[in-house]
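Please look over the sequence and the structure shown below before reading on. The report that follows takes up the sheet, its packing, the core and the ligand shell in turn.

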Amino acid sequence: MENDMSDFFELVQRRQSCRQFSDKPVEREKLVKILEAARLAPSGCNSQPWYFIVVESPDKVAEVAQTTMQLGLNEYIGQAKAIIVIVEEHAHLIPKVAKMVDSQVFAKNDLGAATLSLCLAAESLGLGTCIVGMFDRPKLRELLDISDDKPIHMVVAVGYAASDKVRNKQRKSLEEISRFV
Ligand SMILES: Cc1cc2nc3c(=O)[nH]c(=O)nc-3n(C[C@H](O)[C@H](O)[C@H](O)COP(=O)(O)O)c2cc1C
């Protein structure tokens with residue numbers, strides 16, 4: 001079931017790391033839509049220093065999933081129907097800014113913003129996601145032929161969740177994380 005995009009806060013509540021996927025395949029059109037949401041994310045100087053590799057062929061998904069299963073972690077990723085690999089590209093900052101800071105200074109934030117945009121879009125289309133930071137980077141680099149100069153930040157497992165149940169969010173309180181002055 002697709003959620004109502006007008007209720008943003010419900011969408012934010014519903015998004016959670018999905019660690020159990022159903023067998024239902026993910027439609028290519030939905031993958032394109034969630035990439036579109038990532039493409040529209042904000043970035044420092046609008047530099048858009050990102051590249052997304054969408055792994056959808058079952059054999060490749062299995063191989064990529066293997067690279068995330070270190071230390072007995074992330075075994076559920078083998079059930080995902082697609083895995084999106086998020087790679088950092090060189091950021092071309094506007095000249096005034098480029099004089100003052102390293103070109104990649106904003107890139108981590110930019111990729112984080114794009115990743116959340118992607119995950120929320122997936123949720124709005126009824127898809128579950130899990131952002132995965134633990135994986136064997138050299139192996140994944142070799143598997144997908146990603147050059148050494150491009151950091152691989154995260155992979156996002158995508159699929160239909162096996163259950164609709166939304167867990168309680170474990171979060172610090174607003175008082176702990178913010179103040180008004
Ligand atoms: C940068 C990053 C890396 C993460 N790496 C992993 C991971 O390797 N394996 C995993 O199962 N979850 C991973 N997660 C998911 C977090 O554990 C999860 O977002 C957090 O516990 C909050 O739970 P929620 O996403 O269900 O709200 C990662 C999340 C982020 C943002």
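Why is strand 4 (residues 152–159) largely enclosed by the rest of the structure? Six of the eight residues of strand 4 are buried, so this strand is largely enclosed; a residue is called buried if 20 or more other C-beta atoms lie within 10 Å of its own, exposed if 12 or fewer, and partly exposed in between, with C-beta atoms placed from the backbone. Helices (H or I, at least four residues) and strands (E, at least two) are DSSP runs, numbered from the N terminus.

This is a predicted model, in which local features need pLDDT of at least 70 and side-chain atom pairs count only at pLDDT 80 or more, while totals for chains, interfaces and linings use all residues. Residues are numbered from 1 along each chain as its sequence is written.

The four strands form an open sheet with the order 1-2-4-3 and antiparallel pairing, where two strands pair if DSSP finds at least two bridges between them. Strand 1 (50–55) and strand 3 stand at the edges, each with a single partner strand, so one side of each has no neighbour in the sheet. From one strand to the next the twist averages 20°. The pairings are listed here, each with one pair of bridge partners.

| Strands paired | Sense | Bridges | Bridge partners |
|---|---|---|---|
| Strand 1 and strand 2 | antiparallel | six bridges | Phe52 and Ile86 |
| Strand 2 and strand 4 | antiparallel | six bridges | Val85 and Val155 |
| Strand 3 and strand 4 | antiparallel | five bridges | Val132 and Val155 |

Val85, in turn, stands in strand 2 opposite Ile53, and Ala82 stands opposite Val158 of strand 4. Strand 2 (residues 82–88) is also largely enclosed by the rest of the structure, because six of its seven residues are buried.

**Helices on the sheet**

Helix 5 (residues 107–124) lies across strand 1, strand 2, strand 3 and strand 4, and runs at about 0° to strand 4; the axes are lines fitted to C-alpha atoms, for helices over the stretch in contact, and angles run from 0 to 180 degrees between N-to-C directions. Helix 6 (residues 137–144) packs on the sheet as well, touching strand 1, strand 2 and strand 4, and its direction makes about 70° with that of strand 4. Contact between two residues requires that their C-beta atoms, placed from the backbone, lie within 7 Å.

**The nonpolar core**

Which residues touch the most other members of the largest nonpolar core? Of the 41 residues in this core, they are Ile83, Val155, Val156 and Val158; such a core is a set of buried Ala, Val, Leu, Ile, Met, Phe, Trp, Tyr and Cys residues joined through C-beta atoms within 7 Å. The elements that contribute two or more residues to this core are helix 2 (28–39), strand 1, helix 3 (58–66), strand 2, helix 5, strand 3 and strand 4. Helix 5 supplies the largest share, eight residues.

Val158 lies in strand 4 and counts as buried because it has 27 C-beta neighbours inside 10 Å. Leaving aside residues up to four places away in sequence, Val158 touches several residues, including Val26, Ala80, Ile83, Ala122 and Leu127.

**The ligand shell**

The ligand is surrounded by Gln16, Ser17, Arg19, Leu73, Asn74, Cys130, Ile131, Val132, Gly133, Met134, Met154 and Lys169, a residue being near a molecule or strand if its C-beta atom, placed from the backbone, lies within 6 Å of it. The largest share of this shell, three residues, comes from strand 3 (residues 128–132). The shell divides into six nonpolar, four polar and two charged residues, where Ala, Val, Leu, Ile, Met, Phe, Trp, Tyr, Cys and Pro count as nonpolar, Asp, Glu, Lys and Arg as charged, and the others, Gly among them, as polar.

**Two asparagines with positive phi**

Asn74, which belongs to the ligand shell, is found in the loop between helix 3 and strand 2 and has a positive phi of about 60° although it is not a glycine. Asn74 is buried, with 22 other C-beta atoms within 10 Å. Asn46, in the loop between helix 2 and strand 1, has a positive phi of about 50°, again without being a glycine, but counts as exposed, with 11 C-beta neighbours inside 10 Å.
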